[in-house]
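Dear colleague,

Please find below the structure that I am handing over to you. My notes on it follow directly after.

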Amino acid sequence: MEYGTESNSNIKFFTIFDGNLVTREQEGSDGAVSRETNTGKTVWEKTHNFVEGSITGGGIVVKEFSGRKVQEIQVILDNEGMVQIPMYMLSSIAEVLPNVDRTEPIKFRTYKTKKGKAVLDISQCGKKLESNFVEWNEVDGKWTPTYKNGLPEPTHDEIDGWDFRDHDKFLKKVVIDFFSNYAKDTTDNETEDEEDFPF
């Protein structure tokens with residue numbers, strides 16, 4: 001497994017925080033920066049440009065955060081690292097999973113747009129993976145999605161706004177089905193400290 005900065009640990013938990021891939025480190029570690037969590041605890045972290053490796057497991061798990069239960073997508077790489085992906089990035093990973101070549105390493109990269117939106121970019125063999133379920137086309141000067149391969153289109157009304165429930169349920173099943181082909185279940189894996197995940 002390869003990622004953007006060196007590390008002395010055999011096991012790494014990569015969280016996505018403020019648009020960056022972040023790992024927790026020992027106090028004073030080379031390149032680590034201190035940060036105070038929402039609970040007032042000081043932690044030391046490194047940011048990375050990317051993390052890359054062969055998928056060896058993963059799935060969707062339920063975790064405790066600030067007294068409430070939240071779901072998280074976990075991807076295990078080379079049985080040495082785990083990428084912990086918040087559910088607001090569900091579409092970013094689920095839409096490309098059917099196009100993943102399981103025999104090749106996969107690369108995760110995060111960044112922020114000019115408007116401050118965190119983006120998850122997934123690629124293999126130097127090529128960005130494309131969505132298997134959504135095509136974007138410019139119509140009258142606006143980019144409009146076309147949904148395909150069974151993905152339900154989000155619905156909208158003036159009172160309740162956008163409804164993504166069927167859309168997200170479908171994509172969650174895509175994630176679960178993809179990782180069901182791996183023998184190892186992430187629910188049996190230790191995860192990073194959950195006190196300050198940005199869900």
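E2 and E3 form a hairpin with two residues between them, and in the turn Asp 18 has a positive phi of about 55°. Strands, like helices, are DSSP runs numbered from the N terminus (E, at least two residues; for helices H or I, at least four). The model is predicted, so local features need pLDDT of at least 70 and side-chain atom pairs pLDDT 80 or more, while totals for chains, interfaces and linings use all residues. Residues are numbered from 1 along each chain as its sequence is written, and side-chain values use heavy atoms, without hydrogens and water.

Strand E2 (residues 12-17) pairs with strand E3 (residues 20-25) in the antiparallel sense over three bridges; pairing requires at least two DSSP bridges between two strands. Phe 17 stands opposite Asn 20 in E3. E3 also pairs with strand E5 (residues 42-48), again antiparallel, over five bridges, and here Leu 21 stands opposite His 48.

The largest pocket holds about 930 Å³ of space. A pocket is an open set of points on a 1 Å grid over the protein atoms alone where a 1.4 Å probe fits, with protein on both sides within 12 Å along at least five of seven lines; lining residues have an atom within 4 Å of a point. The volume is the space filled by probe spheres set on the points, which are joined across faces, edges and corners. Of the 25 lining residues, Ser 91, Ser 92, Glu 95, Lys 117 and Trp 136 are the closest to the centre. Strand E11 gives the largest share of the lining, five residues.

With kind regards
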